[in-house]
Amino acid sequence: MLETGLILRALARNKIGALLIALQIALTMTIMVNAIFMIQDRQQQMQRDSGLDEANTFYLTNTVFGQDYNIQAHLQTDLHMIRNTPGVIDAIQINAVPLSSSGWSMALQHEPGEDKDAVGSAIYMVDEHAINSMGLELIAGINFTQEDIELRKDGQSTWPAKTIITKAFAENLYPDDWQSAVGKTVYISQTQPMQIIGIVKALQAPWNGWNGVERSMLVPFHRESKGSYYFIRTEEGRRDALMPIIEKALAESDKERIIRRVTTVEDTRKRSYRQHNATNKTLTTVVITLTLITGFGIVGLAIFSINRRTKQIGTRRALGATKRQIMSYFMMENFIISAIGNVIGCIGAVGLNMWLVSTFNLSPISFELITFGVVALFIVGQLAVLYPARKAAMIAPATATRTI
Amino acid sequence: MLVMKNINKIFQTADIQTHALRDFCLQVNEGDFVSVTGPSGSGKTTFLNIAGLLETYTDGEFLLDGEDVGKLNDNGRSRMRNQKIGFIFQGFNLIPDLNLYDNVDVPLRYRGFNAKERKRRIEENLERVGLASRMKHLPSQLSGGQQQRVAIARALATDPRFLLADEPTGNLDSEMAKGVLTLLEEINQQGTTIIMVTHDAELAQRAKRTIQVKDGRVSELEIVSPQMNQAIA
């Protein structure tokens with residue numbers, strides 16, 4: 001028969017040790033649940049779809065240093081050469097790369113005027129090959145045509161008349177019906193009209209920590225700039241082989257520019273989330289360490305408690321307790337302490353989460369995660385007390401008659 | 001009935017072998033009050049531990065109520081201790097964190113009685129030892145004699161056939177010792193068999209039979225207490 005009532009009353013008269021372990025469990029629960037929550041949050045961020053065909057895309061920087069260099073002519077030559085390289089699906093010039101942490105942003109508004117509300121967005125200057133080159137999915141409207149592409153000089157403040165935006169951006173601009181965005185006129189730079197001609201499923205901004213990371217727009221520009229990116233998409237599995245080939249071809253075709261930083265989008269993603277990964281590893285280490293410390297704390301307290309109660313355990317055995325009943329006693333005692341710790345821990349976890357939510361704009365912790373924390377700590381507690389409980393069960397009943 | 005035939009108990013460590021009991025033979029009949037005396041190290045406590053199933057023996061034959069104890073496993077011995085044997089220890093061995101009610105409750109829970117039955121037995125036995133009014137007290141709030149009475153109540157609560165007492169008055173002053181001994185005599189008169197280990201000769205004489213243990217053997221048998229003879233006469 002379980003001795004729950006007796007254990008509770010005995011614990012009530014020996015509060016300190018049990019309370020310390022319960023508080024340790026509570027603290028572990030509070031930190032563990034919130035750390036896992038933060039890990040999950042970062043994990044979800046890292047798993048967001050960039051919209052790109054990441055496995056088959058790479059980019060490089062093209063920096064011109066020659067005087068009287070005909071950028072426009074060289075751009076056409078370069079793109080023609082790259083696009084016609086066997087294994088290349090398509091290529092574009094672009095002003096920024098998603099997830100690269102460096103890019104441009106503008107804002108669109110429904111009505112012209114300085115005092116009108118505007119929604120911020122990343123802006124990518126591309127041509128009609130962008131959707132194919134980046135592996136985007138056009139889910140409404142149409143693509144740019146060659147005639148739409150304008151030449152943009154450095155410092156130019158006017159914008160083309162057309163744009164393609166992401167679905168997330170469309171949902172933000174037209175919450176009731178995102179598809180209705182197609183054909184609508186919006187305003188850039190407060191007063192310049194721009195017609196939305198298409199919507200792509202996804203295309204992330206260069207900044208993964210920005211809360212508008214899913215809002216991006218494409219504008220039909222070729223940049224007449226001395227520094228730009230070429231963004232290239234290859235056939236499945238040919239990217240790594242084509243990267244040095246294209247780099248070499250570009251470098252040899254023109255000695256008045258430097259080709260640098262040939263990088264896959266996958267590497268860019270890794271770099272972009274390096275801090276997330278490091279934080280997650282740190283948090284994981286904290287969770288494991290805390291859990292182990294709690295486990296060892298339980299083992300320590302249980303062994304101390306058993307050593308202190310050796311004669312008492314011998315007496316219980318003498319009074320008829322089986323080894324199993326002695327084990328059950330200590331397992332139940334730990335279960336009760338864990339339950340107290342978990343209740344306090346749940347309150348602490350929710351409290352800390354409320355603070356995190358209000359301070360860092362995180363989403364609230366899930367019930368499932370709290371349940372997971374409770375179950376995990378119960379299991380840790382029971383596993384930790386298993387060895388001391390077995391040790392207690394092995395105490396001989398004859399201990400009861402020993403005078404020392 | 002308790003029957004021991006040629007019981008040997010050898011404690012073996014890496015270097016030393018100690019023969020604690022040698023061909024120990026004893027029969028205790030139902031209703032007996034046997035005192036076991038002997039000098040320190042004679043084997044009294046080893047005998048009590050084996051008789052109370054607290055310890056196993058090396059060889060020999062031990063029948064308790066007709067059951068061969070040597071054939072019982074650890075669970076079987078625990079069950080038999082709980083059902084047939086009550087213990088009274090020199091140091092009382094009460095659980096300090098539990099009040100008197102809960103202390104008496106401990107063996108009853110191992111027996112599996114329901115709450116109502118446990119309550120009845122606890123109250124009845126605390127009443128029997130004169131401590132019913134103090135059942136919510138902790139052991140530390142009682143005198144030594146009262147604590148030993150609680151231990152007796154705990155031992156009796158399961159209605160044991162045998163009551164084994166290990167120096168039951170060893171930690172008590174003479175007045176308290178008399179009170180405890182009187183209580184044990186009453187319990188014996190009500191039919192419970194008592195085996196009491198003591199090295200107090202005066203105390204031993206209060207038993208119906210006294211046996212002396214020396215060097216692990218029963219050296220004197222069937223010394224019938226003169227007081228008992230008088231009482232019987």
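**Helix packing and the chain contact**

Tutor: The model is predicted. In it, the buried residues of helix 8 of chain A pack against helix 2 (15–46), helix 9 (310–318), helix 10 (323–360) and helix 11 (367–393) of chain A.

Student: Which residues of helix 8 of chain A are buried?

Tutor: A residue counts as buried if 20 or more other C-beta atoms lie within 10 Å of its own. In helix 8 of chain A, the buried residues are Val287(A), Thr294(A), Ile298(A), Leu301(A), Ala302(A) and Ile306(A).

Student: What length does helix 8 of chain A reach from its first C-alpha to its last?

Tutor: Helix 8 of chain A covers residues 274–308, 35 residues in total. At 1.5 Å a residue, 51 Å is expected, and the span is close to this, at 50 Å.

Student: Is helix 2 of chain A oblique or parallel to helix 10 of chain A?

Tutor: The two helices, helix 2 and helix 10 of chain A, have axes 7 Å apart and pack at an angle of about 40°. Angles under 35 degrees would count as roughly parallel. The angle therefore makes helix 2 of chain A, relative to helix 10 of chain A, oblique.

Student: Which element gives the largest share of the side of chain A that touches chain B?

Tutor: The contact takes 29 residues from chain B and 24 from chain A. On the side of chain A, the elements that give two or more residues are helix 1 (4–12), helix 9 and helix 10. The largest share, six residues, comes from helix 9 of chain A.

Key:
Residues numbered from 1 in each chain as written. Chains lettered and ligands numbered in written order. Predicted model: local features only at pLDDT ≥ 70, side-chain atom pairs only at ≥ 80, totals over all residues. Helix = DSSP H or I, 4+ residues; strand = E, 2+ residues; numbered from the N terminus. Expected span 1.5 Å × (residues − 1). Buried ≥ 20, exposed ≤ 12 C-beta atoms within 10 Å, placed from the backbone. Contact = placed C-beta atoms within 7 Å. Axes fitted to C-alpha atoms, helices over the stretch in contact; angles between N-to-C directions. Parallel < 35°, antiparallel > 145°, perpendicular 65-115°, else oblique.
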